[in-house]
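Here is a short briefing for a first look.

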Amino acid sequence: MDFELSQKQQELRVRGVEAARPWRSHVDEWDRVDAAPYGAVAEAMAAAGLCGLTMPAKYGGVELTVVDYVVAVEALINTSQSWIVAEPTFGSTGPGPTIVLCAEDEATREKFLPDIISGRKACAIALTEPEHGSDLTALSTTATPDGDNYVINGSKRFITGSPANELYATFVRFGDEPGHRGIGAVIVEKGTAGMRLERGAQFSGTRGLPHGEVHFDNCVIPRENVVRGPGHFADLMMAFNMERIHNATLSLALAEAAFDVAVSYTSGRQAFGKPIIEFQATYHTLVEMRMAIDAHRLLTYRAASTSIDGRFPNARESTFAKLSGCTMLPKVTHHAMVLCGGDGTTLDHAAQRLHRDAMAALVAGGSPPVLKNALATQLFPDHKFRQ
């Protein structure tokens with residue numbers, strides 16, 4: 001088993017580092033004001049050739065592997081210390097375009113995929129609802145047929161990319177069929193009558209990255225905007241394996257950044273006549289951080305290597321990787337903050353920002369209990385886990 005990156009992967013990593021480096025000096029300001037030049041970052045990532053990495057060439061994609069995607073995203077986030085810099089790569093390669101690839105009609109794919117994959121338009125996922133949270137099959141947002149159109153009514157929240165994104169892959173209920181059997185997905189375009197986008201709540205971490213709400217009040221979309229009708233919930237949810245790979249990679253990259261911050265600080269800080277890295281409590285903690293990061297790296301790359309056709313990672317491995325990352329990262333960033341002492345808790349220091357971002361990663365894309373529920377059903381298929 002070869003754990004070394006290929007020459008092309010090393011070149012891809014360098015390209016990610018170079019594309020992210022100019023943004024590193026802006027990240028602290030984005031965090032302070034809770035705003036970032038989302039469009040400018042997207043243009044820069046597209047210019048660097050870091051959009052649509054695993055997508056089909058037919059629609060403008062690069063047709064790389066998910067392992068290649070992990071290499072690029074890790075470089076982007078580790079170098080910039082920001083979720084935001086990798087968001088255009090995620091938006092053009094992750095669950096948004098993957099859901100559209102599942103469309104039953106080629107006309108739907110041709111209408112949306114070229115713009116999404118090129119980075120010209122970003123596709124957000126509108127899934128979570130105010131009253132249901134992680135109970136994904138209890139959706140109340142509806143799609144009602146009206147001639148050649150569908151009328152959408154309902155509300156969504158915690159949508160990464162809202163209100164900045166141009167497209168919203170929205171999970172809806174068709175008809176009165178209860179549970180997952182009645183759920184499908186449609187694309188709603190920004191500016192459609194009856195669609196209202198809101199900024200939403202402010203978060204303690206990932207500041208600068210928009211996380212808004214969308215509300216539909218008799219919002220009319222054409223039939224060609226229907227990605228999948230009812231009865232295909234499991235197929236649609238496969239797209240979220242890429243999100244879990246992305247989140248696992250994000251945790252890996254931010255943990256590496258926190259480790260580097262801790263090593264730099266403890267190497268340069270003097271106490272009692274020597275660098276504090278030479279105190280046993282310090283270097284033991286750093287060793288534990290390094291071990292946790294390396295173990296998570298193996299799970300992340302294993303999950304990425306399971307992908308079918310370069311785009312569909314295995315559900316079990318990608319869920320394990322996401323669970324590993326989101327539980328490992330807050331521990332590592334907490335250690336980094338403590339090792340940086342009083343400085344580490346100040347708003348001027350990277351350690352506290354990384355720790356706040358880590359807490360957001362804990363729940364983004366599925367909280368640990370939800371992930372454990374999913375894994376239990378795969379590990380023990382002969383038993384019923386009603387959650």
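Helix α10 spans residues 280–305, 26 residues in all. From first C-alpha to last it reaches 38 Å, close to the 38 Å expected at 1.5 Å a residue, where the expected span is 1.5 Å times one less than the number of residues. Helices are DSSP runs (H or I, at least four residues), numbered from the N terminus. This is a predicted model: local features need pLDDT of at least 70, side-chain atom pairs count only at pLDDT 80 or more, and totals for chains, interfaces and linings use all residues. Residues are numbered from 1 along each chain, and side-chain values use heavy atoms, without hydrogens and water.

**Helix α10 and its cover**
- Buried residues (under 20% relative accessible area, 1.4 Å probe, protein chains only) of α10 include Leu286, Met289, Ile293 and Tyr301.
- Their cover includes α4 (66–80), α9 (240–268) and α11 (315–339), counting contact as heavy atoms within 4.5 Å.

**The largest nonpolar core**
- This core has 62 residues, and Met45, Leu76 and Met289 touch the most other members.
- A nonpolar core joins buried Ala, Val, Leu, Ile, Met, Phe, Trp, Tyr and Cys residues through side-chain atoms within 4.5 Å.
- α9 gives the most, with 14 residues.

**Arginine 353**
- Arginine 353 lies in helix α13.
- Arginine 353 is buried, because its relative accessible area is 2%.
- Beyond four places away in sequence, arginine 353 touches Arg24, Val27, Asp28, Asp31 and Gln81.

**Phenylalanine 3**
- Phenylalanine 3 sits in the segment before α1 (7–20).
- Phenylalanine 3 counts as exposed (over 50%), because its relative accessible area is 59%.

Note on methods: Helices (H or I, at least four residues) and strands (E, at least two) are DSSP runs, numbered from the N terminus.
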